[in-house]
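Here is a short report for a reader meeting this structure for the first time. Look at the model, then read on.

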Amino acid sequence: MRLPSSLQARLALVIGLGVAVLWVATSLITAATIRGEIDEVFDSALQETAQRILPLAVQDVFERDDDGTEQLITTLREHDEFLTYVVRNKDGRVLLRSHDADIRDFPPYVKIGFSQTATHRLYYDAALGGEFNIAIAEPLDHRAEVSRETLMALGLPLFVLLPLTLGGIWLLVRLMLRPLRGFRAGVASRDGNDLTPVETGDLPDEITPVAEAVNALLARLQRTLAAERSFAANAAHELRTPVAAALAQTQRLSAETGEDSTRKRAGDIEASLKRLNRLSEKLMQMARAEGANLLSDTPHDLAIVLRMVADDLAHTDSGNRLMLDLPPEPVMSRVDADAFAIAARNLLENALRHGDDNVPVNVTLKPDGTLQVVNAGPVVPPEVLDALTQRFARGDSSAEGSGLGLAIVQTIAKGIGGKLEISSPATGREDGFQVVLQLPQV
């Protein structure tokens with residue numbers, strides 16, 4: 001038998017089975033003891049009855065004329081006669097018997113004491129030196145019935161109380177493990193954006209060391225992640241100034257030189273520096289996405305933020321391909337404005353960069369806080385689609401980009417309690433790429 005994986009179920013099962021087995025064993029021992037006591041009581045009744053009836057029977061024989069016929073004791077009224085008896089002389093002739101006594105149930109007298117046949121329990125006694133003897137019998141079925149009724153009276157409460165006991169044990173175990181379930185929920189709610197210690201005040205002494213070890217681990221993870229994010233943000237920030245300076249010098253060199261080869265080499269250096277500058281910007285965005293405070297106390301209108309991002313990108317997109325569809329009413333949400341702007345900018349940049357240059361990019365913000373971006377282009381295979389939200393993953397390795405855009409959006413979605421869904425082809429189309437970002441509203 002395999003134990004359940006739940007500690008609560010294990011404790012309830014083991015304690016319940018232990019109590020049940022102990023209770024059943026106790027009941028069986030009690031039943032055996034009661035059966036022995038019942039036999040002693042009935043044997044004593046047989047013996048006392050024989051010793052009371054025999055003197056009366058002997059006196060009755062002496063007082064009446066013995067004509068050689070047996071005397072049958074009549075009954076005052078009909079009743080179940082559990083004890084029957086037969087009085088004989090030393091020759092074995094029946095002198096007296098009870099009205100319901102069957103001679104076939106009474107073997108001949110041999111000695112004083114108890115005897116048992118297949119159907120009856122008997123006691124023999126004698127008087128006047130063996131001149132007279134009595135045999136008194138009780139059906140074994142009567143004893144079995146009494147024992148059975150006693151066991152039923154003992155067992156019926158067991159069938160009622162045992163389920164109640166098991167239910168009580170389960171409820172008690174569940175109540176005692178409530179702090180442990182609370183601690184489990186607290187640990188499960190922690191992620192990279194929340195590594196604060198979990199409350200351990202109500203935990204049992206046996207679990208407290210484990211909880212303290214978990215909190216210590218969370219503290220170490222928090223320090224490690226903070227150091228990693230700080231390094232990435234600082235490194236990206238510090239790179240911006242020298243990269244900008246190198247880019248300016250490269251552009252100046254390209255403008256001042258008259259040689260085509262030098263101008264071409266300067267153009268290659270300029271392109272590499274621009275890619276490095278974009279990468280540093282994405283790293284700073286990733287550090288911001290992995291940080292805390294992605295939700296603000298004050299609600300913001302997401303439509304205004306989205307329009308500002310789209311207007312900024314429109315200046316760099318000569319085709320002006322962004323087609324905004326905004327609801328007439330404000331779309332209020334507690335998502336931090338900077339975090340939403342970073343997510344929206346990455347989605348729009350990806351759509352403009354990887355979409356068909358001759359087809360507009362449809363950007364829709366729904367009243368429920370859902371942002372949908374659809375661009376034209378070839379269908380992305382499912383195996384590539386599943387990996388696009390990973391860091392430095394790109395569907396087209398020849399296209400420009402750092403491979404961090406969707407990873408940043410996915411990180412922000414998790415941090416704010418939203419959901420990111422990508423699909424290709426787009427809904428209702430045979431081609432294209434669709435991204436849906438569901439954001440929490442107020």
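This is a predicted model: local features need pLDDT of at least 70, side-chain atom pairs count only at pLDDT 80 or more; totals for chains, interfaces and linings use all residues.

Residues are numbered from 1 along each chain as its sequence is written, and side-chain values use heavy atoms, with hydrogens and water left out.

**The chain.** The chain holds nine helices and 13 strands. Both are DSSP runs numbered from the N terminus: helices are H or I with at least four residues, strands are E with at least two. Of the 442 residues, 34% count as buried, meaning under 20% relative accessible area with a 1.4 Å probe, protein chains only. Among contacts with a separation of 6 or more, 63% link residues 24 or more positions apart. Contact means heavy atoms within 4.5 Å.

**Two packed helices.** Helix H1 (residues 7-63) packs with helix H2 (residues 140-176) at about 160 degrees, their axes 9 Å apart. Axes are lines fitted to C-alpha atoms, for helices over the stretch in contact, and angles run from 0 to 180 degrees between N-to-C directions. H1 and H2 are therefore roughly antiparallel, a term for angles over 145 degrees. The residues of their contact divide into 22 nonpolar, eight polar and five charged. Nonpolar covers Ala, Val, Leu, Ile, Met, Phe, Trp, Tyr, Cys and Pro; charged covers Asp, Glu, Lys and Arg; the others, Gly among them, are polar.

**A five-strand sheet.** An open sheet runs in the order S8-S10-S11-S13-S12, with mixed pairing. Strands pair if DSSP finds at least two bridges between them. S8 (322-325) and S12 (419-423) stand at the edges with a single partner strand each, so one side of each has no neighbour in the sheet. Neighbouring strands are turned by 10 degrees on average, direction ignored. Gln372 stands opposite Val436 in S13.

Two helices lie across strands of this sheet. H9 (residues 405-416) lies across S12 and S13, at about 145 degrees to S12.

Two pairs are listed here.

| Strand | Partner | Bridges |
|---|---|---|
| S11 (residues 370-375) | S13 (residues 433-438) | six |
| S7 (residues 295-301) | S9 | three |

His300 has Ser333 in S9 as its bridge partner.

How values were computed: Angles under 35 degrees count as roughly parallel, over 145 as roughly antiparallel, 65 to 115 as roughly perpendicular and the rest as oblique. Buried means under 20% relative accessible area, exposed over 50%, partly exposed in between (1.4 Å probe, protein chains only).
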